[in-house]
Amino acid sequence: MEGLACLSHLFVTMFLTGLGGIIAIPSITDVTMAALCPGQDQCSLAIYLSGIQQAMAGVGSVVMTPLIGNLSDRYGRKTLITLPLTLSVIPYVILAYSRETKFFYAYYVVKTLASMAGEGSFHCLALAYVADKVPDGKRTSAFGILAGVGSASFVGGTLAARFLSTALTFQVAAVLSMIALVYMRIFLKDSVPGGGVSQPLLKEVEETCAEDDSSRKRATGAFKKLPSLGDLICLLKCSPTFSQAAVVSFFNSLVDGGLMAVLLYYLKARFQFNKNQFADLLMITGVGATLAQLFLMPILVPVIGEEKLLSTGLLIGCINVLVYSIAWSAWVPYALAGCSIFSVFVRPSLCSIASKQVGPTEQGMVQGCLSGISSSANIIAPLVFSPLTALFLSENAPFYYPGFSLMCLGLAMMIAFFQSLMIRAAPPIAVGKISNSRRTDTLV
């Protein structure tokens with residue numbers, strides 16, 4: 001696509017980073033089970049620890065992602081991208097050395113801390129980088145291509161994991177993460193936020209939020225412009241479209257977080273899946289996502305619009321999760337993985353809708369706020385659905401329904417779908433719109 005050549009180094013960085021992260025996913029479930037409950041197919045402790053780790057990562061992301069996104073508006077994307085890429089290397093080095101129980105706990109602690117500090121930040125900054133380089137009309141397709149590159153790394157990672165031993169898997173993951181960091185530092189050119197035609201929203205909002213003015217005036221030094229809860233509240237109040245997108249993002253992330261926390265453990269307990277089957281399942285999903293995001297999404301966006309594409313993805317995702325909850329055969333997950341291509345349109349569509357609501361100097365902030373909202377859902381999801389899944393997979397379940405937690409996730413996705421139907425195409429915030437609104441309110 002014309003105009004995307006300037007993103008080539010970002011795409012390579014995204015691919016290498018994703019490859020290093022994804023290659024370890026099929027193995028980590030077996031490594032966790034072997035370290036905590038050797039010889040067993042069901043382990044409540046593993047489910048609980050995975051849920052706690054994901055919740056802690058969500059807590060960190062709620063604080064760090066908006067902070068890092070806003071700092072990147074001032075100091076550049078490249079400088080801030082260095083942090084999450086550096087942190088991603090350390091956990092894989094530990095498991096590359098040994099997967100004994102004591103080393104697993106060391107990995108668990110370091111991974112949790114690294115996720116709290118940097119998880120979600122790289123994707124937030126990558127989205128802001130794309131928004132810096134690509135005009136409004138092409139952003140949805142550009143976001144889709146970025147997600148497609150991530151999906152391509154997903155396919156490559158799961159395919160490689162299918163043929164690598166567990167020990168070699170983590171060694172390769174560590175090396176790839178290091179290469180991604182070095183490549184980014186050498187080749188990626190920093191972007192300079194600004195230069196667009198849209199008026200920055202929050203600069204107008206400051207006039208309507210007197211309580212935020214006083215706190216900003218008291219702040220000094222480099223942190224005087226860091227995002228506050230008031231900034232997010234003002235953004236939600238002054239942009240109905242962003243508010244609706246935020247609700248959709250929350251419930252969609254709640255479902256994604258729940259599936260991330262419990263799905264692999266559910267499949268292992270229900271159908272005795274192992275590393276190779278996990279890799280096959282993830283590879284099917286990744287191939288479909290890659291083809292859809294790279295080739296199908298650029299065609300569909302101009303035809304049906306990003307709002308309808310968002311709703312379509314949520315509806316199909318809802319149906320998939322509900323069918324997962326009543327899966328009666330080990331073949332069902334494979335069929336569902338092949339039918340999930342539309343669900344990958346949700347995130348790029350949301351990011352594009354949100355990016356059009358602010359000016360060019362606040363792309364890092366708005367993507368950071370959206371990621372922070374998603375992260376708050378990732379805090380709640382494992383705390384709720386990990387114990388619920390462990391209960392219904394155990395012999396102490398109040399009634400027999402192993403997929404009960406997945407059914408609840410499907411209902412949450414349904415809420416996101418109905419909310420997405422309320423989103424309508426809206427132009428970016430116009431110059432003077434907020435200040436005119438303030439003058440009207442004052443006269444009233």
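The legends below describe close-up views of a predicted model.

**View 1. Helices H12 and H16 cross in a right-handed manner.** The axes of helix H12 (residues 240-271) and helix H16 (residues 363-393) come within 7 Å and cross at roughly 35 degrees. Sorted by class, the residues in the contact of H12 with H16 comprise 20 nonpolar and nine polar ones, with no charged residues.

**View 2. Helix H15 (residues 346-355) is mostly covered.** Nine of the ten residues of H15 are buried, among them Val346, Pro348, Leu350, Cys351 and Ile353. These buried residues pack against helix H6 (121-133), helix H7 (139-163), H12, helix H13 (275-325) and H16.

**View 3. A salt bridge joins the side chains of Asp30 and Lys268.** The N to O distance is 3.3 Å, and the pair links distant parts of the chain, with Asp30 in helix H2 (residues 25-36) and Lys268 in helix H12, 238 residues apart. Asp30 counts as partly exposed because its relative accessibility is 23%, whereas Lys268, at 8%, counts as buried.

**View 4. Asp73, Arg77 and Asp132 are linked in a network of salt bridges.** Between Asp132 and Arg77, the closest N and O atoms are 2.7 Å apart; Asp132 lies in helix H6 and Arg77 in helix H4 (residues 77-97), so this pair ties together parts that are 55 residues apart in sequence. Arg77 counts as buried at 0% relative accessibility, while Asp132, at 22%, counts as partly exposed.

**View 5. Arg162 forms a salt bridge with Asp280.** The closest N and O atoms of this pair are 2.9 Å apart, and because Arg162 lies in helix H7 and Asp280 in helix H13, the pair ties together parts that are 118 residues apart in sequence. Arg162 has 28% relative accessibility and counts as partly exposed.

Notes. Residues numbered from 1 in each chain as written. Predicted model: local features only at pLDDT ≥ 70, side-chain atom pairs only at ≥ 80, totals over all residues. Heavy atoms only, no water. Axes fitted to C-alpha atoms, helices over the stretch in contact; angles between N-to-C directions. Helix = DSSP H or I, 4+ residues; strand = E, 2+ residues; numbered from the N terminus. Left-handed = near helix turned anticlockwise from the far one by under 90°. Nonpolar A, V, L, I, M, F, W, Y, C, P; charged D, E, K, R; others polar. Buried < 20%, exposed > 50% of the residue type's maximum accessible area, 1.4 Å probe, protein only. Contact = heavy atoms within 4.5 Å. Salt bridge = Lys/Arg side-chain N within 4 Å of Asp/Glu carboxyl O.
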